[in-house]
Amino acid sequence: HYLCVEQWRCRSNHPTARNGLNCETCEGVYTLPPPPSRPVGQTHDDWEAMPPHVLAALRRPHITWQVVAAIVRRRWLRPLAPVIISPIVALYCRARRLLKKRGVSRRRWACSLCRRRARWKCVRCLRSYYCSRQCQNVSWHIVHKHVCYKPARFWWSVVVYGVTTIACFPGIFKDPFIYDLGVLSLLASFTITGIIGGGVAQCLKKFNGVDIRGRALEAIVVLSTLLLAWITWGLVWAFFGESNQCLGVNFLFSSRSDINQKPHVGIHLTTLHSLFFRPAKVLISMLDKMLFKTGPHITKIICSNNTEITENDACLRMARNANPDFFLSDTDGPKCTADLNLVTAVWFTASAVLVSGQLFKRRERERRAAGRHRPHQD
Ligand SMILES: [Zn+2]
Ligand SMILES: [Zn+2]
Ligand SMILES: [Zn+2]
């Protein structure tokens, strides 16, 4: 008694089926009506078959979809589009997964076409999410086939982004180590702010029942990451001799007190000074001495070519300029001290949140284990 839902008639050739309008077993007429005849001029059969949410999404697409579609619509941009877009998408996915783990983001992904809740993703790139087959189909033919990640294009992305980075930061060849430290400080700041944001969100959810996870919290976390990384990078520059790079963030917090007033150098800073800055300086000097012993040819290439090299002089410019006492100086010392105070406070808060979160989790686990073992003992 099967009936084709699409054609409203049976495809059987059996004589009792009577051209498909009767059931071939019981010879009864199917109760379903025949399809309405189509208007003469209309040929958009596929569009007729689209579910309403796809049609609505196509009439008013989401802004990211519009942007990517506009890029892909230019024929000459098509080979370039995946090269440019796929690293951004990969970075975004990775950052969001990390924030999800920390409890900053919500668990859900939106369909990249219609923004409903997504349950599937493209198995080729694993980075494009869809609510349904129709959405994926439409998205594939209009946009996604042009930007779906192709492994062969990875090195083109590396080339394009490498050239852009060198063009934007010309100092990267002069002080590569400092720029590495800048990237490291960006990653560390992201981890730190993620921990703090997740801790705040979990606390609010646990004790107040308010769920603040989502886009707004993500934006706050990202912005504070950038701010923290900026301050940290200024401190890195200050450590390597350019203490005018310190931002001096104390004006944000103490508007009443005079900016020129010298902030208090607390015990945490003296500890940091003797446990971290001085050993770092010693370590850099040791590495520098090792570079001297490699031989005259390599030394000539690597070392900054100052006049003649004396015994006390250092090979690398950064080793010569490294100054563990940068926040104690008179000119830019107060600004650097304020920055250091802020950064250490943030790091301390993050570690406190991490430790308390671990303790809380352990206590929960113990309570659950105790609850499980109570019955069924005999
Ligand atoms: Zn049939
Ligand atoms: Zn969808
Ligand atoms: Zn894909």
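A: Begin with how helices and strands are assigned: helices are DSSP runs of at least four residues and strands are runs of at least two, numbered from the N terminus. The model is a predicted one. By that assignment, the span of residues 179–204 is 100% helix and 0% strand, and its end C-alpha atoms lie 37 Å apart.

Q: Which residues does UniProt annotate as "transmembrane region"?
A: The unreviewed UniProt entry gives that annotation to residues 154–173, 179–204, 216–240 and 340–360. In the model, residues 340–360 are 100% helix and 0% strand, with end C-alpha atoms 30 Å apart.

Q: How do I describe the packing of two helices?
A: Two packed helices are described by the angle between their axes and by the distance between those axes. Here, helix H7 (residues 176–208) packs with helix H8 (residues 215–239) at about 140 degrees, and the axes are 8 Å apart. The crossing of H7 past H8 is right-handed. In the contact of H7 with H8 there are 15 nonpolar residues, nine polar residues and no charged ones.

Q: Which protein atoms are the donors of the zinc ion (ligand 2)?
A: To count as a donor, an N, O or S atom must be within 2.8 Å of a metal such as this one. The zinc ion (ligand 2) has the SG atoms of Cys-111, Cys-114, Cys-131 and Cys-135 as its protein donors, 2.2 Å away. Along the chain these donors follow the spacing C-x2-C-x16-C-x3-C. Cys-114 is in the loop between helix H4 (80–102) and strand S1 (120–121), and Cys-131 is in the loop between strand S2 (129–130) and helix H5 (133–147), so this pair ties together parts that are 17 residues apart in sequence.

Q: Why is the arrangement around the zinc ion (ligand 2) called tetrahedral?
A: Four donors count as tetrahedral if all angles lie between 85 and 135 degrees. Around the zinc ion (ligand 2), the four donor atoms subtend angles of 100 to 118 degrees, which makes the arrangement tetrahedral.

Q: Is Cys-114 buried or exposed?
A: Buried means a relative accessible area under 20%. Cys-114 has 16%, so it is buried. Cys-131 counts as buried too, because its relative accessibility is 8%.

Q: Where does UniProt place the feature "domain: MYND-type"?
A: The unreviewed entry places it at residues 111–148. In the model this stretch is 39% helix and 11% strand, and its end C-alpha atoms are 15 Å apart.

Q: What should I look for in backbone phi angles?
A: Most residues other than glycine have a negative phi. Arg-115 is not a glycine, yet has a positive phi of about 70 degrees. Arg-115 is in the loop between H4 and S1 and counts as partly exposed because its relative accessibility is 34%. Leu-126, also not a glycine, has a positive phi of about 60 degrees. Leu-126 sits in the loop between S1 and S2 and, at 47% relative accessibility, counts as partly exposed.

Q: How far apart in space are the C-alpha atoms of Gly-357 and Gln-202?
A: Gly-357 and Gln-202 are 155 residues apart in sequence, and their C-alpha atoms are 9.1 Å apart. Gly-357 belongs to helix H13 (residues 333–373). A second pair is Phe-177 and Met-318, 141 residues apart along the chain, with 8.8 Å between their C-alpha atoms. Phe-177 lies in helix H7. For Ser-274 and Pro-324, 50 residues apart along the chain, the C-alpha separation is 8.9 Å. Ser-274 is part of helix H10 (residues 267–292) and is partly exposed, at 39% relative accessible area.

How values were computed:
Residues are numbered from 1 along each chain as its sequence is written. Chains are lettered from A and ligands numbered from 1 in the order in which they are written. This is a predicted model: local features need pLDDT of at least 70, side-chain atom pairs count only at pLDDT 80 or more; totals for chains, interfaces and linings use all residues. Side-chain values use heavy atoms; hydrogens and water are left out. Donors are N, O and S atoms within 2.8 Å of the metal (3.2 Å for Na, K and Ca); water is not among the atoms, so sites may look incomplete. Four donors count as tetrahedral if all angles lie between 85 and 135 degrees; four count as square planar and six as octahedral if opposite donors are over 155 degrees apart and all others between 65 and 115; anything else is irregular. Buried means under 20% relative accessible area, exposed over 50%, partly exposed in between (1.4 Å probe, protein chains only). UniProt positions are given in the numbering used here, feature names are shortened, and annotations may be inferred rather than shown by experiment. Axes are lines fitted to C-alpha atoms, for helices over the stretch in contact, and angles run from 0 to 180 degrees between N-to-C directions. A crossing is left-handed if the near helix is turned anticlockwise from the far one by less than a right angle, and right-handed if clockwise. Ala, Val, Leu, Ile, Met, Phe, Trp, Tyr, Cys and Pro count as nonpolar, Asp, Glu, Lys and Arg as charged, and the others, Gly among them, as polar.
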